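Please look through the sequence and the three-dimensional structure shown below, and keep both in view while you read the briefing that follows.

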Amino acid sequence: MSFPVTFTIYMTLLGVFWFFVGSVLWHLKEYTMPDDYSSLIVKIFIIIIALLNLLGLVLFFRIPLQ
Amino acid sequence: MIKLSPEEKILLVLHRHWIVMLGKLFLGALLLLLPVVIAPIISFFEIPAWGEGIIEFLAVNYLMVIIAIMFIFWMDYYLDVWIITTHRIIDIEQKNLFHREISEFMLDKVQDITVEIPNMLATFLKYGNIVVQTAGERSFSIKQIPHLYKAKNIILEYAQKKHERTQ
């Protein structure tokens, strides 16, 4: 498969993925009670997801595509 | 966010007991470990260098999706909440990512409260269900919550105060 096609598919899937993650963040921002412990857990989840996303991108560009 | 009237105060905020999340967390942990189990099996096959790159890429994306699913599970758990204020009880239930139900009733509508500890685990971990019967036809149940007796006492105390004021 050619690079532009694969890249477009990957970016579309990432877009859908971040839409769901963004929805969760929006719900938490909108409905969380003030002064609670949730922000720490949210930060941990988001950092892990962002790091894995970054690693995924690096690995994607290492795949030999034409 | 819930809007409170000027003289209204939050008395207690209740989430489900953490044990409710344990099953889902365990399942998530098993799914996270799956690539570790599969890796030695794959190593038996002769895979070209570019193939290894693809496998690593897929494994990282798989982990990312599993973590995101666990994040949604946690949100579902965390946003199921019962708020007891000096005036009312607000029951917020997050059914799924885009489905949310909010119901509330005034404390002066409270008629009786039933506390239920359904099994042995609930007895040891001190959680259970509270069923609040209101003057309307509907009864409200708050399931798998800790601090059962504290919640019951607060509801009764403030419901009684409300009844006294109305009489």
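In chain B, B:His147 lies in the loop between S7 and H4, where helices (H or I, at least four residues) and strands (E, at least two) are DSSP runs numbered from the N terminus. The model is a predicted one, in which local features need pLDDT of at least 70 and side-chain atom pairs count only at pLDDT 80 or more, while totals for chains, interfaces and linings use all residues. Residues are numbered from 1 along each chain as its sequence is written, chains are lettered from A and ligands numbered from 1 in the order in which they are written, and side-chain values use heavy atoms, with hydrogens and water left out.

- The phi angle of B:His147 is near 50 degrees, which is a positive value in a residue other than glycine.
- B:Gln144 is found in strand S7 of chain B, and its phi is near 55 degrees, again a positive value in a residue other than glycine.
- B:Gln144 counts as partly exposed because its relative accessibility is 29%; buried means under 20% relative accessible area, exposed over 50%, and partly exposed in between, with a 1.4 Å probe and protein chains only.

**Helix H4 of chain B**

- The 19 residues of H4(B) should span 27 Å at 1.5 Å a residue, and the end C-alpha atoms of this helix are 27 Å apart, which agrees; the expected span is 1.5 Å times one less than the number of residues.
- The buried residues of H4(B) are B:Leu148, B:Ala151, B:Ile154, B:Ile155, B:Tyr158, B:Ala159 and B:Lys162.
- The buried residues of H4(B) pack against S1, S2, S3, strand S5 (110-116), strand S6 (127-134) and strand S7 (139-146) of chain B, where contact means heavy atoms within 4.5 Å.

**The sheet of four strands in chain B**

- An open sheet of four strands has the order S1-S2-S3-S4 in chain B, with antiparallel pairing; two strands pair if DSSP finds at least two bridges between them.
- Strand S1 (10-15) and strand S4 (99-106) of chain B are the edge strands, each pairing on one side only.
- The twist of this sheet averages 15 degrees from one strand to the next, with axes taken as lines fitted to C-alpha atoms, for helices over the stretch in contact, and angles running from 0 to 180 degrees between N-to-C directions.
- Strand S3 (residues 88-96) and S4(B) pair in the antiparallel sense over eight bridges, and B:Glu93 stands opposite B:Glu101 in S4(B).
- Helix H2 (residues 49-78) of chain B lies across S1, strand S2 (81-85) and S3 of chain B, running at about 160 degrees to S3(B).
- Helix H4 (residues 148-166) of chain B also lies across S1, S2 and S3 of chain B, and runs at about 145 degrees to S1(B).

**The sheet of three strands in chain B**

- An open sheet of three strands has the order S5-S6-S7 in chain B, with antiparallel pairing.
- S5 and S7 of chain B stand at the edges, each with a single partner strand, so one side of each is left without a neighbour in the sheet.
- Neighbouring strands of this sheet are turned by 20 degrees against each other on average, direction ignored.
- S6(B) and S7(B) pair in the antiparallel sense over six bridges, and the bridge partner of B:Val131 is B:Ser141 in S7(B).
- H4(B) packs on this sheet and touches S5, S6 and S7 of chain B, its direction making about 170 degrees with that of S5(B).

**The two helices of chain A**

- The axes of helix H1 (residues 3-31) of chain A and H2(A) come within 12 Å and cross at roughly 180 degrees.
- H1(A) and H2(A) are therefore roughly antiparallel to each other, a term for angles over 145 degrees, whereas angles under 35 count as roughly parallel, 65 to 115 as roughly perpendicular and the rest as oblique.
- Residues from both helices make this contact, among them A:Tyr10, A:Leu14 and A:Trp18 of H1(A) and A:Asn53 and A:Phe61 of H2(A).
- A:Asn53 counts as buried because its relative accessibility is 8%.
- Leaving aside neighbours within four places in sequence, A:Asn53 is in contact with A:Tyr10, A:Leu14, A:Trp18 and B:Met64.
- A:Phe61 lies in helix H2 (residues 38-62) of chain A and touches A:Phe3 and A:Phe7, not counting residues up to four places away in sequence.
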